[in-house]
Protein chains: 2
Amino acid sequence: MTNFWTETVKRLTPYVPGEQRSGAHITKLNTNENPYPPAPEVLQAIRGVEGDQLRRYPDPESVELRTTLAEYHGLSIDEVFVGNGSDEILALAFLAYFTNGKPLQFPDISYSFYPVYCDLYGIEQKLVELEPDYSLSLERFEANLGGIIFPNPNAPTASAVPADAVSRLLEKHTEQVLLVDEAYADFGGESVVGLIRQYPNLLVSHTFSKGRSLAGMRLGVAFGHPSLIEGLQRVKNSFNSYPVDALAQAAGVASIKAEDYYRQTLTSIMQTRQQAVSDLQNRGFEVLPSAANFVFAKAPDGNAEQVFRKLNDAGVLVRYWNKPRLDQWLRISIGTAAEMQALLSALDA
Amino acid sequence: MTNFWTETVKRLTPYVPGEQRSGAHITKLNTNENPYPPAPEVLQAIRGVEGDQLRRYPDPESVELRTTLAEYHGLSIDEVFVGNGSDEILALAFLAYFTNGKPLQFPDISYSFYPVYCDLYGIEQKLVELEPDYSLSLERFEANLGGIIFPNPNAPTASAVPADAVSRLLEKHTEQVLLVDEAYADFGGESVVGLIRQYPNLLVSHTFSKGRSLAGMRLGVAFGHPSLIEGLQRVKNSFNSYPVDALAQAAGVASIKAEDYYRQTLTSIMQTRQQAVSDLQNRGFEVLPSAANFVFAKAPDGNAEQVFRKLNDAGVLVRYWNKPRLDQWLRISIGTAAEMQALLSALDA
């Protein structure tokens, strides 16, 4: 720390991402990456890069990508916003919609970046407790107290709420923005993108990092009423005019068009998940129902930290939090069948 | 506008980037893009992309890229920060270092994104007037009043201040951060990166968009004392853990290593600039001395708006601002010799 740090810098508790260790003997099940590469068409789009695409600024409004996304979801382009990963979109959305002097409501167990954004912008937090079974009851949110955000499916618990429950909340909660973070909605959850025309205060964020295997490329999307999207554009254009580079725009378009490949890899991951749940249960783990590309599993006798360390020593990376209500659990990403086998072998050893 | 916009969104006046029109008959001299493609090694690095680079998160700390940059500049990695374009770095630096309740000082004519960031974060602005000849006198900044930022070379005037003048300012100004925005320093200006070890409050930003022909890729750098860099890391890790994608990291490394190519294209641009200055002067333009990849030129009889429109109709894009002290001038990027010829032909027609 120095004299030059402002109070803003001093008060921060930055987010800590999962370790990015890699190597031949590492089984990486700690950051919910997709075990399959992106569609061949995506690699083609990138490999076909020309010098002109790089020396010129990208389209600051990402028109082709937003149009492709709009058509895919049956929306118009002014209902679609794109950013440099969905974390950037959340960062912009917090600034745009949650700096209203009212407390922001989110689950006490959810994406650990939410409290970090609150610190960054000085937003008061109102935590909403998960049920004893780690499910999220939307009835616990107070309508119109302040903004609301939650992941659906939730992380790290993997559990999802149905779209009609979100609808019921939106019928009551009409005065502030409700942001549904659907980073993991590709793996069996119900998306509420279809509800944005009904509820002008509903913002929905998606990512290309999970279902679409593009974590390395940084690409996220938000859907909402044109005026909500316009507000995001205003903040984006006051922060960085060109957040999405030319290759990410091209890769995003190619990814959306590669629908068959995408369906196929999602199906594989959901099948592997089903097998992983029963394999873990057979080894004494309690596994929460998962609608995501990871499972949240309570270690036998709650010895999660010990299991985490032993797996780590064996080169199998999973995620562990030494925090109340989480410290007996592990979050395990769904890899390929071979990667899950490596996990099971390490557990058995 | 809607009920859901916070005061933050309402008070913004977003930045407006130059038009990204393109096509066979367009000569694009309006956004200071490099007319030459990036080095062949950069294209190779991108075309060699593998699925694993994309499905996995990039290195959140960009260690290889920062190490390469540190070696190139004779620094250590903890003196180097990278971001999703230098605009993002400025956005993070304003939040980290200029939200101290004191007015931020910058030239009244300079990069038009600075006042936008001030609006975004509610920072008071103290404008420092350029001299009648549009040069910047660093003596005009008040030492220790508040933070200071200026571009060197300045934009859109293209004029540069020498490094020893920056040194003299830093001898007096010791209590707040001084940010020198060296986006255009590759084209003949004097960089002050070498001064960061002498002055712990000096932050210097660079971009890969201009000299290194990577505007489409979004990559910027900041240099400073390790504690200044740590402050930027804290803000970055409270905003977006992975702002620089895997391909931008690889492209950046390849670019820094392609030193010969880089020197060669810079030399070409500076030669073309010299010719462009005399060609414009021969046509009655007043041209300010330029140390950048653009020139700032006063139209004959000050009819800049008319010249701008006629050039635009002829498919030659340059930049014009209808603002006091700027409205008789055009900012013209230095293109290839052929592009400059297209400009001259359009002017003559």
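A salt bridge is a side-chain nitrogen of Lys or Arg within 4 Å of a carboxyl oxygen of Asp or Glu. The model is predicted, so local features need pLDDT of at least 70 and side-chain atom pairs count only at pLDDT 80 or more, while totals for chains, interfaces and linings use all residues. Residues are numbered from 1 along each chain as its sequence is written, chains are lettered from A in the order in which they are written, and side-chain values use heavy atoms, with hydrogens and water left out.

**Exercise 1. Find which residue forms a salt bridge with A:E305, and describe how the pair is placed.**

Step 1. The partner is A:R309, and the closest N and O atoms are 2.7 Å apart.

Step 2. Both belong to helix α11 (residues 304–313) of chain A, and because they are four residues apart, about one helical turn separates them. Helices are DSSP runs of H or I with at least four residues, strands are runs of E with at least two, and both are numbered from the N terminus.

Step 3. An α-helix has 3.6 residues a turn, so residues three or four places apart point the same way.

Step 4. A:E305 is partly exposed at 28% relative accessibility, and A:R309 is partly exposed at 47%. Buried means under 20% relative accessible area, exposed means over 50%, and partly exposed lies in between (1.4 Å probe, protein chains only).

Step 5. In chain B, B:R309 and B:E305 form a salt bridge with closest N and O atoms 2.8 Å apart.

**Exercise 2. State whether A:R140 and its salt-bridge partner A:E131 are buried or partly exposed.**

Step 1. The closest N and O atoms of A:R140 and A:E131 are 2.4 Å apart.

Step 2. A:R140 has a relative accessible area of 41%, so A:R140 is partly exposed.

Step 3. A:E131 has 16% relative accessibility and therefore counts as buried.

Step 4. Over all chains the count is 26 salt bridges. A network of salt bridges links A:R212, A:E259 and A:R263.

**Exercise 3. Locate B:D181 and find how far away the nearest side chain of opposite charge is.**

Step 1. B:D181 lies in strand β6 (residues 178–181) of chain B.

Step 2. B:D181 is buried and has no salt bridge; the nearest side chain of opposite charge is B:K210, 9.3 Å away. Lys and Arg count as positive, Asp and Glu as negative, and His and the chain ends are not counted.

Step 3. Leaving aside neighbours within four places in sequence, the contacts of B:D181 include B:Y111, B:Y114, B:F150 and B:S205. Contact means heavy atoms within 4.5 Å.

**Exercise 4. Describe the burial of helix α6(B).**

Step 1. Six of the eight residues of α6(B) are buried.

Step 2. They are B:Y114, B:V116, B:Y117, B:C118, B:L120 and B:Y121.

Step 3. Just after α6(B), B:G122 takes a positive phi of about 70 degrees.
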